[in-house]
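Reader: I would like a close look at a single part of this structure, the way its strands pair and what surrounds them. Please take it step by step.

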Amino acid sequence: MTLWRSEPSDDDTVAPDPVDPLAGGVATGIGSWPGTDPREAAATIIGELGDLPHLVELPGRGVGADMIGRVSALLVDLRFDSTTRGYRLADRPGAVSRRARDLLRVDLDALEEAWETAGLAGSGRALKVQSAGPLTLAAEVELPGGHRVLSDPGAVRDLSESLAEGLAQHVAEIRRRLGAQVVVQLDEPRLTAVLAGSLRGPSILNTISALPEPEALHLLDTVIGGASAPVVLHSCASRPAIGTLRRTAAAAIALDAATIVTADLDSLGETLDAGKKLFLGLVPTEAPATPPTWRTIAEPGARLLDRLGFPRRVLAEQILVTPACGLAGASHTWSRRALTLANEVARAFAEEPESVTVD
């Protein structure tokens with residue numbers, strides 16, 4: 001990726017390339033974590049995910065800490081208020097936006113403390129941050145009148161532009177605080193519904209038309225281009241719109257491996273063929289009845305590459321290993337075990353991809 005390659009100077013002295021923040025064969029998390037203690041969570045994530053830790057989300061803290069409410073802390077010149085159904089755009093800053101900003105500030109302070117304790121300050125190591133994407137925000141957040149933002153093209157555009165600007169500022173602050181390379185993950189669980197036109201308005205008489213894919217791509221690319229960092233598009237929908245995800249400017253896509261069906265294989269193969277990275281959700285988000293080993297977790301990933309017709313080395317070059325989705329609903333014990341398994345699978349993919357046995 002030329003974005004990360006140093007250009008030769010006039011005296012033909014070439015600086016070493018920075019470490020690729022999206023290097024394959026590593027493990028990371030999706031974002032959310034159980035509990036409410038940001039310091040404990042930050043220390044755990046940095047300790048367990050040495051190659052690509054992330055800024056932890058703790059939705060257990062309530063309003064302003066969940067995936068949607070947290071974005072109120074990032075937006076520029078827009079803010080949220082709460083309703084009985086969720087969130088809506090507000091005319092002025094209120095309790096929700098203040099709480100979201102306070103929680104994010106606490107999280108950043110905890111992250112910076114853990115980063116320094118681990119001796120990573122100024123190291124240039126990679127760190128991932130997460131935000132709901134523009135289409136999911138437009139689908140979930142309401143206008144002051146109660147209709148979804150998605151029903152107003154002008155409001156959707158304003159929301160996307162505000163998010164892009166806010167994410168750029170967020171990335172700049174983390175780089176300043178930590179001296180880290182930053183990766184941005186945009187969560188788009190509502191993307192498939194937005195494209196299909198399956199969302200409803202405030203009553204059964206109100207319907208929301210399907211958003212044409214070119215418009216969806218433009219909105220996504222507005223935020224991707226404005227984020228000032230490589231972007232991962234994540235979808236945990238039961239049928240992720242892989243073709244649309246592939247056609248964005250994102251450097252990578254993130255999927256729950258269990259949602260990939262035969263009809264998705266062509267789009268997924270084209271994604272890898274185009275050089276995009278794949279964050280593959282292989283580790284269950286809840287403890288299975290039978291304790292898994294790293295090998296039982298790894299085999300579906302290896303089998304998927306075999307079905308796609310790619311050589312096993314792609315596991316080391318383009319695949320990053322994650323839990324299937326966020327871990328906020330899991331126990332602390334399983335969450336830590338899930339990260340351990342993800343690391344073991346990623347290590348196998350990176351070091352001995354041919355050794356992953358497939359029955």
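Author: Strand β1 and strand β2 (residues 87–89) run antiparallel and are joined by three bridges. The model is a predicted one. The two strands belong to an open sheet of three, ordered β1-β2-β4, with mixed pairing. At the edges stand β1 (80–82) and β4 (141–142); each has a single partner strand, so one side of each lacks a neighbour in the sheet.

Strand β5 (residues 181–187) can be looked at next. β5 runs parallel to strand β3 (residues 126–132), and seven bridges join the two. Asp-187 in β5 stands opposite Ala-132. β5 also pairs with strand β6 (residues 231–235), again in the parallel sense, over four bridges. Here Gln-185 has Val-232 in β6 as its bridge partner.

In a regular strand, side chains alternate between the two faces of the sheet. In β5 both faces are covered: Gln-181, Val-183, Gln-185 and Asp-187 are buried on one side, and Val-182, Val-184 and Leu-186 are buried on the other. Because seven of the seven residues of β5 are buried, the strand is largely enclosed by the rest of the structure.

Val-184 is one of the residues that touch the most other members of the largest nonpolar core, which has 103 residues. Beyond its neighbours within four places in sequence, Val-184 is in contact with residues including Val-129, Leu-167, Val-171 and Val-231. Apart from that core lies another, of 11 residues, among them Val-26, Val-232, Ala-252 and Leu-320.

Definitions and conventions
Residues are numbered from 1 along each chain as its sequence is written. This is a predicted model: local features need pLDDT of at least 70, side-chain atom pairs count only at pLDDT 80 or more; totals for chains, interfaces and linings use all residues. Side-chain values use heavy atoms; hydrogens and water are left out. A nonpolar core is a set of buried Ala, Val, Leu, Ile, Met, Phe, Trp, Tyr and Cys residues joined through side-chain atoms within 4.5 Å. Buried means under 20% relative accessible area, exposed over 50%, partly exposed in between (1.4 Å probe, protein chains only). Contact means heavy atoms within 4.5 Å. Two strands pair if DSSP finds at least two bridges between them.
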